[in-house]
Amino acid sequence: MSARTSLHLAAEIGGPPHYDAGHYLRLARLAEGGALDYVTLGDSFARPGLDALAVLARVAPATDRIGLVPTVTTTHTEPFHVSSAVASLDWVSNGRAGWHVEVSTTEAEARLFGRRPAAAPAALWQEAGEVADVSARLWDSWEDDAEIRDTATGRFIDRDRLHYVDFTGSTFTVKGPAIVPRPPQGRPVTVIDAVGAPAKEAAARHADVIHIRATTPEQAAALRHELRTRAASHGRDPDALRVLVALTVDLGDVESAPEPGLESGPRLAARGTYFRGGPVDLADLIAQWHRSGAADGFHLTPITPERDLERIVNGTVALLQHRSLFRTFHPGGTLREHLGLTRPASRYARAATASKGA
């Protein structure tokens, strides 16, 4: 990766639970003002709080450009419903949706649903990969021109352009097609944290964006190379993959930063690496790592979102923009365009075209 490769930045807007949608809207608008690629909103069955996808569906019509990526837990949930919900978010945001795939590991969470006991991470991430796979197939199951909307004939859909997915996974089957028309992005952006071998394998197979944990640029570069190589082994184009370093950020000590830079820290919200310092220190770190080819960008989790996100946007990001290292406006209208990712064609449309030409 050269120094001229676009830098991608994203931020988490979660924290202690809030039950006021305006809180999340203010943070999303702040990130949008800094031209960040996307915001994430964490979620879990293990803690109280609002549903992340529903919150960002509320944020969507009140924002214009920022990508919206809620955490969606694939364990104990129905894949067909997951696919429909994420597709709906893409529609209400005009193509700015993604989803951060997560699994549920504890017995306490399993008891909330009462369907099955907790499972090992390998089984959970196999299932999560299958949910990502079938979701993409369901999004493809409507060809782009499947809607006719011909009032004269009373035809709404060209049924020849709807397709069964007939998917059988390890814990579920889905026949399809989807009930939601193909999303504006074709397929909303899939984000996976590559923490542990099972998650890493699911990410290499299915993710558009992968979050990694690394304490040195050399470690980040090695992880990025490994993930790109794994993606290629699955027949994917590694250049269609974005690898971002996940970093928990504490910018509370702005005036004095006795230990600037990246350091080992406690297991905080991002479950990984931890930065403590000032906005200028953070800008220097991001610039250094990106120029060295360590990663395609950073996903930043503020310790205190109300305080630190403002310092990230108006301090760190503004400095990177002043140095011409980060854009000052969003390059397009969709999250895929922000990330430099093409809109995929429906696999079923391609198959139908190929069969007609045979």
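Contact here means heavy atoms within 4.5 Å. This report applies that term, and several others, to a predicted model, in which local features need pLDDT of at least 70, side-chain atom pairs count only at pLDDT 80 or more, and totals for chains, interfaces and linings use all residues. Residues are numbered from 1 along each chain as its sequence is written, and side-chain values use heavy atoms, with hydrogens and water left out.

## Overall composition

The chain comes to 11 helices and 14 strands; these are DSSP runs numbered from the N terminus, helices being H or I with at least four residues and strands being E with at least two. Of its 358 residues, 53% count as buried. Buried means under 20% relative accessible area, exposed over 50%, and partly exposed in between, with a 1.4 Å probe and protein chains only. The chain exposes about 15,600 Å², of which carbon and sulfur atoms supply 52%; accessible areas come from the Shrake-Rupley method with a 1.4 Å probe, and for residues only the protein chains shown count as cover. Among contacts between residues at least 6 apart in sequence, 74% join residues at least 24 apart.

Strand β14 covers residues 297-302, and because six of its six residues are buried, the strand is largely enclosed by the rest of the structure. In a regular strand the side chains alternate between the two faces of the sheet. In β14, G297, H299 and T301 point one way, while F298, L300 and P302 point the other way.

Two strands pair if DSSP finds at least two bridges between them. Strand β1 (residues 8-12) pairs with β14 in the parallel sense over four bridges, and A10 stands opposite H299 in β14. β11 also pairs with β14 in the parallel sense, over six bridges; here L247 has L300 of β14 as its bridge partner.

Which residues does F298 touch, not counting residues up to four places away in sequence? They are H8, L9, A10, L244, V245, L247, L285, I286 and W289.

## Nonpolar cores

In soluble globular proteins, nonpolar side chains tend to be buried together. A nonpolar core is a set of buried Ala, Val, Leu, Ile, Met, Phe, Trp, Tyr and Cys residues joined through side-chain atoms within 4.5 Å. The largest such core has 86 residues, and L9, I13, W99, I212, L282 and F298 touch the most other members. Helix α5 supplies the largest share of this core, nine residues. A second, separate core has 10 residues, including A10, Y38, V191 and L335.

## Helix α8

Helix α8 has 13 residues (279-291) and reaches 18 Å from its first C-alpha to its last, close to the 18 Å expected at 1.5 Å a residue. The expected span is 1.5 Å times one less than the number of residues in the helix. P279, L282, A283, L285, I286, A287, W289 and H290 are buried in α8. Just after this helix, G293 takes a positive phi of about 80°.

## Salt bridges

The structure holds 25 salt bridges, each defined as a side-chain nitrogen of Lys or Arg within 4 Å of a carboxyl oxygen of Asp or Glu. Three of them are listed below.

| E143 | R161 | 3.2 Å |

E143 forms a salt bridge with R161. E143 lies in the loop between α5 (121-140) and β5 (147-150), and R161 in the loop between β6 (155-157) and β7 (167-168), so the pair ties together parts that are 18 residues apart in sequence. E143 counts as buried at 8% relative accessibility, whereas R161 is partly exposed, with a relative accessible area of 27%.

R228 counts as buried at 19% relative accessibility. Elsewhere, salt bridges that share partners join D140, D144, R182, R187, R343 and R347 into one network.

## The loop residue G14

G14 lies in the loop between β1 and α1 (21-33) and counts as buried at 13% relative accessibility. Its C-alpha atom is separated by 9.4 Å from that of V39, 25 residues apart along the chain. Not counting residues up to four places away in sequence, G14 touches T40, L41 and P305.
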